[in-house]
Amino acid sequence: MTVAESAPQSHGYRTPARVLHWLTAVLVLATLPVGQVMVIDGLPRALQNTLFIFHKNVGVVILLLVLARLAYRAARRAPPLPDTLPRWQAIAAKATHWLLYGLLIVMAVSGYIRVEAGDFPIELLDALGIPPLVPVNKALAESAQSVHYFVRLAVFALVALHVLAALHHGLWRRDGVFRRMWPPVVRSGR
């Protein structure tokens, strides 16, 4: 039996929402530090190239996952938060979620524009035969790079806030908020 099956559906997110959440979370948590490391001066070129390839292509996957999450969210509303949750926390939770969706889209789009306008490949899209949607343009590439850089700071802050709130609800309050999005994995011993 899975954790998702053991929790009532009315109180927790359905398995597809959980899978999309955790895939996105793992990829974002992998991509953010890679983005930091790949621009360090003095890295061996082969390592730097590998990190850039990973970062660019995973960024495309993150964009697709976020769009899938939004489509799923449009089709299926989020389960209600517990009545015991203070109103300000419910508002903060919704605002944080929507800001994360929006900022992850801006991150992916600005990264895409930076790469394509800078005349660099995105190997995943190239392999699929998807042509660049923006022209090669140095000024556009530099603007997109600036947007990518500053939005990254907001994403770091919101991810940290989101993780801290989840830990607060999961470890301290134990009010069921964290359990609503617990990964859909098989429990051992059942």
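First, the bookkeeping: helices (H or I, at least four residues) and strands (E, at least two) are DSSP runs, numbered from the N terminus. The model is predicted, so I keep in mind that local features need pLDDT of at least 70, side-chain atom pairs count only at pLDDT 80 or more, and totals for chains, interfaces and linings use all residues. Residue numbers start from 1 along each chain as its sequence is written, and side-chain values use heavy atoms, with hydrogens and water left out.

**Entry: one alanine**

I looked up Ala93 and found it in helix α4. Buried or exposed, or partly exposed? Ala93 counts as partly exposed because its relative accessibility is 23% (buried is under 20% relative accessible area, exposed over 50%, partly exposed in between, with a 1.4 Å probe and protein chains only). I also checked Ala93 against Leu171: they are 78 residues apart along the chain, and their C-alpha atoms are separated by 17 Å.

**Entry: α4 against α6**

How do the axes of α4 and α6 cross? For helix α4 (residues 87-117) and helix α6 (residues 138-173), I get axes that come within 7 Å and cross at roughly 150°. Axes here are lines fitted to C-alpha atoms, for helices over the stretch in contact, with angles from 0 to 180 degrees between N-to-C directions. That is why α4 and α6 are roughly antiparallel to each other (over 145 degrees; under 35 is roughly parallel, 65 to 115 roughly perpendicular, the rest oblique). The contact of α4 with α6 has 18 nonpolar, nine polar and four charged residues. My classes: Ala, Val, Leu, Ile, Met, Phe, Trp, Tyr, Cys and Pro are nonpolar, Asp, Glu, Lys and Arg charged, and the others, Gly among them, polar.

**Entry: pockets**

The largest pocket has a volume of about 1500 Å³. A pocket is an open set of points on a 1 Å grid over the protein atoms alone, where a 1.4 Å probe fits, with protein on both sides within 12 Å along at least five of seven lines; lining residues have an atom within 4 Å of a point. Volume is the space filled by probe spheres set on the points, which are joined across faces, edges and corners. Of its 50 lining residues, Tyr13, His21, Ala93, His97 and His162 are the closest to the centre of the largest pocket. α4 gives the most to that lining, with 12 residues.

The second largest pocket comes out at about 1100 Å³. There α3 gives the most to the lining, with 11 residues.
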